[in-house]
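Dear colleague,

Please find the structure below, with its sequence.

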Amino acid sequence: MRRGPSGCGKSTLLDLVAGHTRPARGSVAVDGSPVTGPGPDRVMVFQEHALFPWLSVADNVGFGLKQAGVPAAERESTVARWLAKVGLTDAASLHPHQLSGGMRQRAALARAFAMRPAVLLMDEPFSALDAPSRDRLHVELQELWRETGTTILFVTHNVREAVALGDRVIVLSSGPGRIIGDVRVSLARPRVVESERVVALAQDVRRLLDAADQLGIAAPRGGEDDHVVI
Amino acid sequence: MSSSDASPVARTPAWRRGGPIVVVGLALLGLWALLSLTLDALPGPAATGAELWQMALDGRFASIFARVTLFMGGCFAVAAVVGVALGLVIGSRPAVDRGLSPYLAALQGMPTSMWIPVAAIVLGTSPWSLAAVVSIGAMPAVILGTRTAVKNVPPLLLRAGRTFGADGGTLLRHVTLPAALPGIMTGLELGWSIAFRCLVAGEIFSGALSGTGIGDVIQRSRETGDITEMMATILIVLAFTMLVDRLVFARVQHRLRVSRGLVDAGLPH
């Protein structure tokens with residue numbers, strides 16, 4: 001699914017797949033077709049919700065569809081369906097500033113899923129949320145993923161979050177960025193970060209990072225180590 | 001808040017919104033009356049009021065008011081449309097910005113009324129020549145305000161716009177423009193006040209340039225030494241600018257702030 005130079009950090013990796021940045025060497029391909037620029041098949045969810053503050057929640061969710069030229073009637077029904085899925089039907093006419101942090105990130109999820117992307121790129125989408133909101137969104141994201149079958153490239157610093165959400169955890173080290181681990185996760189879903197098996201597996205992944213640290217391969221420190229989930 | 005009011009934002013009653021405006025207005029009138037008692041040449045509120053009434057009866061009030069509205073409205077519309085369009089281009093193209101912004105800043109710093117003698121000679125002493133100076137005089141402020149607002153748009157919103165398929169013109173229209181709107185409004189207000197200064201400077205320069213009748217009033221006051229009509233005209237212009245501020249700028253600014261969550265719910269404007 002992903003090829004190209006691995007001398008990149010987490011945001012660069014997502015930018016490359018999204019088509020915001022071009023690789024210096026190598027190439028990026030999604031499903032065999034090369035990435036030449038941003039496209040509706042690859043949609044990004046940001047760490048901050050990045051909703052447009054001047055639009056209502058419904059207009060935010062419909063923004064990408066409008067850009068794609070989807071007719072108004074079809075757009076409305078799609079928006080209503082996704083708002084219902086993320087539990088924001090009552091908030092459709094509110095503006096982003098009237099929502100809680102968790103609701104904003106839900107609206108951002110609805111805006112992304114409404115595009116029916118082949119690949120969803122998520123850049124630490126839950127790291128700015130309070131723990132209860134984050135736990136709820138972990139479960140909701142797994143449900144949306146199961147329903148839509150969308151490929152999700154999820155970047156996080158949180159090892160447990162990576163193990164809880166991912167089918168495959170790719171561990172990157174920073175400076176120089178390289179892959180130091182590729183862990184398959186086959187635990188039953190939906191998973192939560194507190195479950196014993198998630199915690200146990202997360203410790204294994206953590207040891208990979210520590211080992212890399214001692215070998216001097218990289219110096220991942222604190223928030224500098226990245227874990228990519230596919 | 002009444003039980004029928006479903007909105008969480010309580011509407012301030014009209015008397016509480018209008019009250020302070022009336023109180024300050026009366027206080028200013030009192031101050032003016034006191035001043036006119038000590039200064040012989042200054043007509044008081046009563047004499048000015050009588051003159052205003054006279055002007056209302058013989059149509060001078062309506063004429064000045066209508067012509068100021070038409071003149072300022074027309075000139076400002078041109079300045080706003082051209083200024084915002086140029087500002088959007090300059091703000092989103094760094095090369096154009098580097099080339100033009102120093103000159104625009106210089107033009108904005110310079111008093112635009114300096115162009116009036118030039119326009120009077122080159123374009124002739126007609127209202128059209130003044131209109132050209134007023135429109136072009138307001139433009140640098142609008143252009144620079146728009147350009148700065150565009151440069152201050154959070155890059156995250158532009159990235160979000162691009163990821164959801166906006167590009168080039170659509171990105172400018174659907175993301176950059178609405179995101180920059182509060183800053184653009186500030187530029188427009190500045191341009192508006194510069195345009196008005198420029199207009200009156202032109203009227204003072206020559207009654208022949210008069211597009212609104214203010215110049216005629218200035219001419220008459222000069223000849224007779226009686227400034228009652230001048231004071232009445234000042235009040236007409238004050239009423240005009242206050243109406244424009246309350247009905248246009250303040251409302252638009254308030255709506256922009258409310259829709260972006262910059263107003264604490266329920267606070268009166």
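**Strands in chain A**

Strand E3 (residues 42-45) and strand E4 (residues 119-123) of chain A run parallel and are joined by four bridges. For reference, strands pair if DSSP finds at least two bridges between them, and both helices (H or I, at least four residues) and strands (E, at least two) are DSSP runs numbered from the N terminus. This is a predicted model, in which local features need pLDDT of at least 70 and side-chain atom pairs count only at pLDDT 80 or more, while totals for chains, interfaces and linings use all residues. Residues are numbered from 1 along each chain as its sequence is written, and chains are lettered from A and ligands numbered from 1 in the order in which they are written.

Within this pairing, Val43(A) has Leu120(A) of E4(A) as its bridge partner. Val43(A) and Val45(A) point one way from E3(A), Arg42(A) and Met44(A) point the other way, and all are buried. Here a residue is buried if 20 or more other C-beta atoms lie within 10 Å of its own, exposed if 12 or fewer, and partly exposed in between, with C-beta atoms placed from the backbone. In a regular strand the side chains alternate between the two faces of the sheet.

**From E4 to H5 in chain A**

Phe126(A) is found in the loop between E4 and helix H5 (131-148) of chain A. Phe126(A) counts as buried because it has 25 C-beta neighbours inside 10 Å. Leaving out residues up to four places away in sequence, Phe126(A) touches Gln105(A), Arg134(A) and Leu137(A); two residues are in contact if their C-beta atoms, placed from the backbone, lie within 7 Å. Lys66(A), 60 residues from Phe126(A) in sequence, is 26 Å away from it, C-alpha to C-alpha.

The 18 residues of H5(A) should span 26 Å at 1.5 Å a residue, which agrees with the 26 Å between its end C-alpha atoms. The expected span of a helix is 1.5 Å times one less than its number of residues.

**Chain B**

Chain B has ten helices and zero strands. Of its 269 residues, 33% are buried, and its C-alpha atoms fill a box of roughly 70 × 65 × 30 Å along the principal axes.

Helix H1 (residues 14-38) of chain B reaches 37 Å from its first C-alpha to its last, close to the 36 Å expected. H1(B) lies largely in the open, because the number buried among its 25 residues is zero.

The unreviewed UniProt entry places the feature "transmembrane region" at several spans of chain B, including residues 64-91 and 128-150. UniProt positions are given in the numbering used here, feature names are shortened, and annotations may be inferred rather than shown by experiment. Residues 64-91 of chain B are 100% helix, with end C-alpha atoms 38 Å apart. Residues 128-150 of chain B are also 100% helix, and their end C-alpha atoms lie 32 Å apart.

**Where the chains meet**

Contacts between the chains involve 14 residues of chain B and 20 residues of chain A. On the side of chain B that touches chain A, helix H7 (155-163) and helix H8 (168-205) each supply at least two residues. The largest share of that side, six residues, comes from H7(B).

Yours sincerely
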